[in-house]
Amino acid sequence: MRHAILITTHDNVEISKNLLSLYDDKNIDFYFLIDKKAKSYNEEVLKDICKKSSVYFVPKINIYWGSFSQIQAEYILLENAVKKSYDYYHLISGCDIPLYTKNEFFDFFEQNKGKEFVEYSPKEIAEKKVQDRVKYYYVFMESVREKSAIKRKPKTFLREFFLKLQKLLKIDRTKGKEFQYGSNWFDITDDFAKYILKNKPWVIKHFKKTCCADELFLQTLLFNSPFYSNNYYCLNEKNRILQRNRYTDWTRGQPYTFKKEDYNEIINIKESLFIRKFNYKNDAEIVNKLFDWLRKKG
């Protein structure tokens, strides 16, 4: 089986260097989308690491938290990777580390060939998270995390004013449609990837002016498609930390950034392919120890 690992990143190039070295294989290729705002990111250091894998750099865009640019990034990655036709496409960020060796990774997908790995939250959680995100039009989402108050505050005021106006006017973009919610990271088949690309106009129409729609569009597409019956799991809220595709700790942070003191906890995780997140600049030791552990294990 052939795999494409799709990576959105703006930092942590050392993590990517280790990942390329660890997963270098003729049946794995890497696609990087580097946030256009990351002026100091040195992609040149990634170009000569792999001896067997191909490494591609897709066109950069500015990625803003909560905005449609996050979905745009996923589409750009998929559009480029699908041209070369892989069995699986895996979306991760530049701050993710694998928990499986390369051979364990291959074995897992051989054993589960044809299954989709898209996380769903329970319906009662989804209903709380989804409705307002898609019911109203959101403007100036790129300014939500703008550091400059002078730039941020006027746009925040306009966005909030526009939302209140829509509520008064009883605007409802959902019109009875059922939307789903879950993690934006995925491991999907070639057939479903092509289905996502085919339905791009529908995604743009329903999600372009929404809030944090990267956690909605894929789940909604899959739920309303023939591929849903092949999805691996739908987790209860209490088990969301043990996502099969990504181990993410929301109890200690938004999400929590793992540190060197978490090493023993991490190496005993059994239920996830990748763990996120890490910050190499703040704690290089945990990153280096985990990749050393994987190399010895493999």
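At what angle do helix 1 and helix 10 pack, and how far apart are their axes? Helix 1 and helix 10 (residues 284-297) pack at about 5 degrees, with axes 11 Å apart. Axes here are lines fitted to C-alpha atoms, for helices over the stretch in contact, and angles run from 0 to 180 degrees between N-to-C directions. Helix 1 and helix 10 are therefore roughly parallel to each other; angles under 35 degrees count as roughly parallel, over 145 as roughly antiparallel, 65 to 115 as roughly perpendicular and the rest as oblique.

The model is predicted: local features need pLDDT of at least 70 and side-chain atom pairs count only at pLDDT 80 or more, while totals for chains, interfaces and linings use all residues. Residues are numbered from 1 along each chain as its sequence is written, and side-chain values use heavy atoms, with hydrogens and water left out. Helices (H or I, at least four residues) and strands (E, at least two) are DSSP runs numbered from the N terminus.

Helix 1 contributes Ile 15, Asn 18, Leu 19, Ser 21 and Leu 22 to its contact with helix 10, which contributes Val 287, Asn 288, Phe 291, Leu 294 and Arg 295; contact means heavy atoms within 4.5 Å. By class, six of these residues are nonpolar, three polar and one charged. Ala, Val, Leu, Ile, Met, Phe, Trp, Tyr, Cys and Pro count as nonpolar, Asp, Glu, Lys and Arg as charged, and the others, Gly among them, as polar.

Six strands form an open sheet in the order 3-2-1-4-7-6, with mixed pairing. Its edges are strand 3 (55-57) and strand 6 (117-118), each pairing on one side only. Two strands pair if DSSP finds at least two bridges between them. Strand 1 (residues 3-9) runs parallel to strand 4 (residues 88-93) over six bridges, and Ile 5 stands opposite His 90 in strand 4. Strand 4 and strand 7 pair in the antiparallel sense over three bridges, with Tyr 89 opposite Ile 188 in strand 7. Strand 6 is also antiparallel to strand 7, over two bridges; there Phe 117 stands opposite Asp 187.

From strand 7, Phe 186 and Ile 188 point one way and Asp 187 and Thr 189 the other, and all are buried. Buried means under 20% relative accessible area, exposed over 50%, and partly exposed in between (1.4 Å probe, protein chains only).

Helix 1 (residues 13-22) lies across strand 1, strand 2 (28-34), strand 3 and strand 4, at about 165 degrees to strand 2. Helix 6 (residues 190-198) packs on the sheet too, touching strand 4 and strand 7 (186-189), at about 100 degrees to strand 7.

Another helix pair is helix 2 (residues 69-82) with helix 7 (residues 200-207), at about 170 degrees with axes 12 Å apart. That angle makes helix 2 roughly antiparallel to helix 7.

The whole structure has 19 salt bridges, each a side-chain nitrogen of Lys or Arg within 4 Å of a carboxyl oxygen of Asp or Glu. In helix 1, Lys 17 and Glu 14 lie three residues apart, about one turn of the helix, and their side chains meet at 3.5 Å, N to O. Asp 292 and Arg 295 form another salt bridge, at 3.6 Å. Arg 295 is partly exposed, with a relative accessible area of 35%.
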